[in-house]
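This briefing is intended for a reader new to the structure shown below.

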Amino acid sequence: MEIHLDDPRRPDVLGLLEEHLTDMYATSPAESVHALDPDALAAPSISLWTAREDDVLLGCVALKRLSDEHAELKSMRTATAARRRGVAAALLDHVLAEARSRGHARISLETGTEDYFAPARALYVTRGFTECAPFEGYALDPNSVFLTLAL
């Protein structure tokens, strides 16, 4: 598996992000979906990495710069066919190392409270994330949990 910076508008990445958005709207009320579309992920303040094996897309993750000290994890997604192979863990470890190398002191994220998101929440906890208050314009929402990690 190789992880590299990628373009969120690349055709196979578009497909994975479309699947991600479809699942987010299927599992959470629309007002609680905070996933970014491909154009938003192409903003200068956001970097997107993909994991590939033999040029087959396995997953993606993005890092949004909130400030010099603080970044946000966005669009963490493993392709359905690649689940349970360690893709999410590899992507998470990669983005955490990248956030540290960029000098961020903290990384935060928002994810869902529904059972669908339980595996993701469990992975974040294994890396030391803890619950926190809403950040960067988010509001309290019974369908969201906010996590942060000091780097």
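In this predicted model, the buried residues of helix α3 are V87, L91, L92, V95, L96 and A99. Seen down the axis of α3, these buried residues fall within an arc of 160°, so they line one face of the helix.

**Helix α3**

- Helix α3 covers residues 87–101, and its 15 residues should span 21 Å at 1.5 Å a residue. The C-alpha atoms at its ends are 21 Å apart, which agrees with that expectation.
- An α-helix has 3.6 residues a turn, so residues three or four places apart point the same way.
- After α3 comes G103, which has a positive phi, near 90°.

**Salt bridges: the count**

- Side chains of opposite charge can pair when their charged atoms come close.
- With a limit of 4 Å between a side-chain nitrogen of Lys or Arg and a carboxyl oxygen of Asp or Glu, the count comes to 13 salt bridges.

**The pair R52 and D6**

- A salt bridge joins R52 to D6, and their closest N and O atoms are 3.1 Å apart. This pair links distant parts of the chain, 46 residues apart: R52 belongs to strand β2 (residues 46–53), while D6 is in the loop between β1 (2–5) and α1 (11–27).
- Buried means under 20% relative accessible area. R52, at 10% relative accessibility, therefore counts as buried. D6 has a relative accessible area of 17%, so D6 is buried.
- A network of salt bridges links D6, R10, D12, R52 and D55.

**R77 and its partners in helix α1**

- E19 and R77 meet through their side chains in a salt bridge, at 2.7 Å from N to O. The two residues are 58 residues apart and connect distant parts of the chain, with E19 in helix α1 and R77 in strand β4 (residues 70–78).
- R77 has a relative accessibility of 4% and so counts as buried. E19, at 28% relative accessibility, counts as partly exposed.
- R77 also forms a salt bridge with D23, the closest N and O atoms lying 2.6 Å apart. Because R77 lies in strand β4 and D23 in helix α1, this pair ties together parts that are 54 residues apart in sequence.
- The relative accessibility of D23 is 23%, so D23 counts as partly exposed.

Methods
Residues numbered from 1 in each chain as written. Predicted model: local features only at pLDDT ≥ 70, side-chain atom pairs only at ≥ 80, totals over all residues. Heavy atoms only, no water. Helix = DSSP H or I, 4+ residues; strand = E, 2+ residues; numbered from the N terminus. Expected span 1.5 Å × (residues − 1). Buried < 20%, exposed > 50% of the residue type's maximum accessible area, 1.4 Å probe, protein only. Arc of directions from axis to C-beta.
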